Amino acid sequence: MGCKMDKTMKKRAINSLYCLEFNLQKKSIIWWFAVLAVLLIIEIAFYPLMNMMIGVIPDDVYNDFTDAGISFSFDSVTEYFLLQGVEVLALGGALFLCCFVASLLTRDFKGGQSELLYTNALNRNDIIMTKYANALTMTVLFNVVMLVVELLMMCIVDIKGIVFVPLITLFLYCLILHLILVSLVFGIYLLKVKSGFGIAIAIPLLLYFVTIIALSISHNDALKFIEFLTPFTLLYEITIESPFKVNWYSFAIYVVVVLAVLGFGYKKFKKRDL
Amino acid sequence: MFAIEVADIKKVYDKNIVGVERVSFNIKYGEIFGFIGPNGAGKSTTIRALMGLLKVDSGLINIEGFDCFTEGSKARENVGYVPSELSFYNSMTVRKYIEFILKQKGRNFERIDELCTYFELNQNRKTGELSLGNKKKLAIVCALACTPKVLIMDEATTGLDPIMQQKFFDILQKEKKKGTAILLSSHNLNEIQRCCDRVGIIKNGILVAVKEIGEFQNKLLKHIVFETKSNLLEFRLDGMEDLKVEGNRYEFNFNGNLAMLINLLSGIDIYNISITDVDLNDEFLRWY
């Protein structure tokens, strides 16, 4: 009667918890993937139309836009995607992944399953680490699937216009952006386990709009610091000519912020009453 | 070593709301300990502290020698738990749910079929479709299927029909014989009196009494009220408890030598007397 939980049993328990999270959110995950994939497909499908529209803009109007720093000439579908497709991938993915994280942590407390989950032989540390692993796995999976969708669609629209290096760099930087946002939201929800989805939606939206502002005022030296307030600026410097260009300062600031929030959230969660 | 040790625990929530204070009790292996009190008395706080869901502010709270909060995973390794509020993952079937819980506890699936048959639980139904009674049965099956050494059950019989309740008590007795320590929290005093060995009564966060159930079952405990015309300077006898004196009215419980009591009372000028057996209901109401 009774037994001690050895390493094999513990691994089995963690695996079953890890798989549970994906099973519970199966339908939601499929819907989000489908919607964002369709948006990406539509975005890329518009490339020939966009090129045609740009072709009929009068030269003087086109020159005025270029002088103002707004460039929209696309020599390839890759260049088009680096300018236009990033929003769907970055923001759409951020919203999905942050909501996924919110659901991971809050569902058990709002639904009442926490009494059964946190009263078994796994400790809080194991449960939280497993959920974090779920979040990281979903982030990688999402970005890989979207990369495949992009490439397939680009093959259909303009196969000769595919330039792999900047697309792979975009994939990697987008993955890093999403990992940063997922970790940040995870840390915040460790502090507010019974919150709704508001935080998960507000954070990526807010940071994205700060990015828009930062890009709009990029010529204003006094307000240039705004670009460091958002991790989305990681993605906006990639071009075909400079595929590895990235805002390392923004990246470094956010890594520090995320580690601090995660650490603080984890420490508080371990001691809180559930 | 006791299976469950609770020593002088205190828990105060935000805004100075006292959850529990000065609660101490121990439960041996092979014992069923009843835990009774009205809503808000502190039963659930004590049980949640035992399950590591909250940290007490002071005191000792152990299961099998492990602190319930700092060593929670070790403390809970051999614990079967039935919470009062039930919530499952609605899309899972009963079978899948039990298997998930057993994996979380590092157990095999040996007892699932036996227990589901015993409690007449359909393993193929989704947990979201179950009635309250069936949800309770599911929680009980999950607790028993992990072959626990300690069972902690918070209002386990709520929602069960009388036949299932009887089956539940029968299986509790079997677990007790195997040496399982059982903590049973309930509002139903009859069921506590029926199956427990000892009972703790909690009021306003304080454990006010711990009694052997045998005292009530063997009718050893008497409640005596008498009124006398005399002024008694001293009225004391071994076995006398909780003496209350209001003017010439004397009220107390007695579980000592009845012959000596009768001898003592015969020397007093009594004009009114009442002697009744004390049951658990009386004992409970005495504190409220």
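Predicted model: local features only at pLDDT ≥ 70, side-chain atom pairs only at ≥ 80, totals over all residues.
**View 1. Chain B by itself.** Chain B has 10 helices and 14 strands, taken as DSSP runs (H or I of at least four residues for helices, E of at least two for strands, numbered from the N terminus). Its C-alpha atoms fill a box of roughly 75 × 40 × 35 Å along the principal axes. Of the 288 residues of chain B, 52% count as buried, meaning under 20% relative accessible area (1.4 Å probe, protein chains only).

**View 2. Where chain B meets chain A.** Chain B brings 34 residues to the contact and chain A brings 33, with contact meaning heavy atoms within 4.5 Å. About 3100 Å² is buried between the two chains, 53% of it from carbon and sulfur atoms; this is the accessible area (1.4 Å probe) lost on putting the parts together, summed over both. On the chain B side, Leu53(B), Tyr89(B) and Gln104(B) lose the most area to chain A, together 23% of what that side buries.

**View 3. A charged pair across the interface.** The rule picks out two salt bridges between chain B and chain A, each a side-chain nitrogen of Lys or Arg within 4 Å of a carboxyl oxygen of Asp or Glu. Asp273(A) forms a salt bridge with Lys11(B), and their closest N and O atoms sit 2.8 Å apart. Helix α3 (residues 94–104) of chain B supplies five residues, the largest share of the side that touches chain A.

**Notes.** Residues are numbered from 1 along each chain as its sequence is written, and chains are lettered from A in the order written. Local features need pLDDT of at least 70, side-chain atom pairs count only at pLDDT 80 or more, totals for chains, interfaces and linings use all residues, and side-chain values use heavy atoms, leaving out hydrogens and water.

Terms used:
Buried < 20%, exposed > 50% of the residue type's maximum accessible area, 1.4 Å probe, protein only.
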